[in-house]
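Q: Could you walk me through some local features of this one? I'll jump between topics as we go.

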Amino acid sequence: MTASRLFDRALVRLTPREEGEDVAAFLQGLLTNDVTKALPVYAALLTPQGKTLFDMFVWPAADGQLLLDCEAALAEELVKRLSLYRLRRKIDIAVDPGLGVHWQKEAGDGGAADPRLASLGQRWIAPVSDSDEAADDDYRAHRLALGVPEGRAELGDILWLETNAVELNGVAFDKGCYIGQENTARMNWRSKVNRRLVVVALELSDEKRRKAAHPELALAIDHLRVSDIEPALVPVWLGKAFVED
């Protein structure tokens with residue numbers, strides 16, 4: 001069997017407990033992207049100041065349910081955070097241990113193209129199996145080779161737009177309010193993205209600006225002022241926005 005499962009990912013299931021309860025509407029008021037349209041989408045839950053708490057993929061499920069493809073290490077924390085916002089809504093929020101996230105570099109049948117970049121490959125959800133083989137290392141290497149940061153270690157505690165969220169289709173500016181929306185929208189309309197995340201060779205990384213390091217790949221993710229980013233570090237998919245900055 002070809003290795004495909006991402007063991008570093010988990011799925012949080014949101015289930016309406018009674019007829020008329022709308023899970024999508026609940027998430028629509030929390031996340032950065034529009035979850036009422038075609039899924040999956042890439043999105044984040046932010047602080048009120050617009051800083052990144054969790055990034056995730058939102059997937060459709062049967063009977064009005066939704067699945068959140070998130071970091072496995074943060075799944076229970078995400079459940080607790082969402083539960084704080086649930087208030088009196090009749091929605092169950094829990095990690096689903098019976099499902100796993102799978103990935104492959106090439107497009108194929110049965111999966112969905114990564115909503116950030118088609119070149120990131122495709123993802124799909126399937127029941128977990130003892131025969132599942134890990135693809136986490138291959139996925140990480142491919143993702144970083146394309147210059148795409150992901151997860152709290154690489155994205156956490158900086159403004160969502162500074163993670164290149166617009167260019168990676170992680171925000172909808174034509175939806176209603178969500179947590180952190182005011183500052184995020186203001187930055188976009190004023191074109192005030194002064195810093196960005198970039199993947200750099202570890203030997204060239206500025207330790208003071210480093211968010212994460214991957215020594216096994218000799219790469220790091222630095223949070224740099226746009227004016228300090230060398231053109232050679234800018235991936236093709238980010239080029240147009242970088243010029244506009």
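Q: Where does Asn 164 sit?
A: Asn 164 is found in the loop between helix 4 and helix 5, where helices (H or I, at least four residues) and strands (E, at least two) are DSSP runs numbered from the N terminus. Although Asn 164 is not a glycine, its phi is positive, at about 70 degrees. This is a predicted model, in which local features need pLDDT of at least 70 and side-chain atom pairs count only at pLDDT 80 or more, while totals for chains, interfaces and linings use all residues. Residues are numbered from 1 along each chain as its sequence is written, and side-chain values use heavy atoms, with hydrogens and water left out.

Q: And what does Asn 188 touch, leaving aside neighbours within four places in sequence?
A: Asn 188, which lies in helix 5 (residues 181-189), is in contact (heavy atoms within 4.5 Å) with Leu 161, Val 166 and Phe 173 once those neighbours are set aside. The C-alpha atoms of Asn 188 and Phe 173 are separated by 8.8 Å, the two residues being 15 apart along the chain.

Q: Switching topic, which peptide bond is cis?
A: The bond from Leu 39 to Pro 40 is cis, with omega near 10 degrees, and Pro 40 has its place in the loop between helix 1 (23-28) and strand 2 (41-46).

Q: What's the strand order in the open sheet of three strands?
A: The order is 6-8-7 with antiparallel pairing, two strands counting as paired if DSSP finds at least two bridges between them. Strand 6 (99-104) and strand 7 (112-113) are at the edges with a single partner strand each, so one side of each has no neighbour in the sheet.

Q: How many bridges join strand 6 and strand 8?
A: Strand 6 and strand 8 (residues 122-127) pair over six bridges in the antiparallel sense, and Trp 103 has Arg 123 in strand 8 as its bridge partner.

Q: How many salt bridges does the structure hold?
A: There are 19 salt bridges, each a side-chain nitrogen of Lys or Arg within 4 Å of a carboxyl oxygen of Asp or Glu. Among them, Arg 9 and Glu 150 meet through their side chains at 3.6 Å, N to O. That pair links distant parts of the chain, 141 residues apart, with Arg 9 in strand 1 (residues 9-16) and Glu 150 in the loop between helix 3 (136-145) and helix 4 (152-155).
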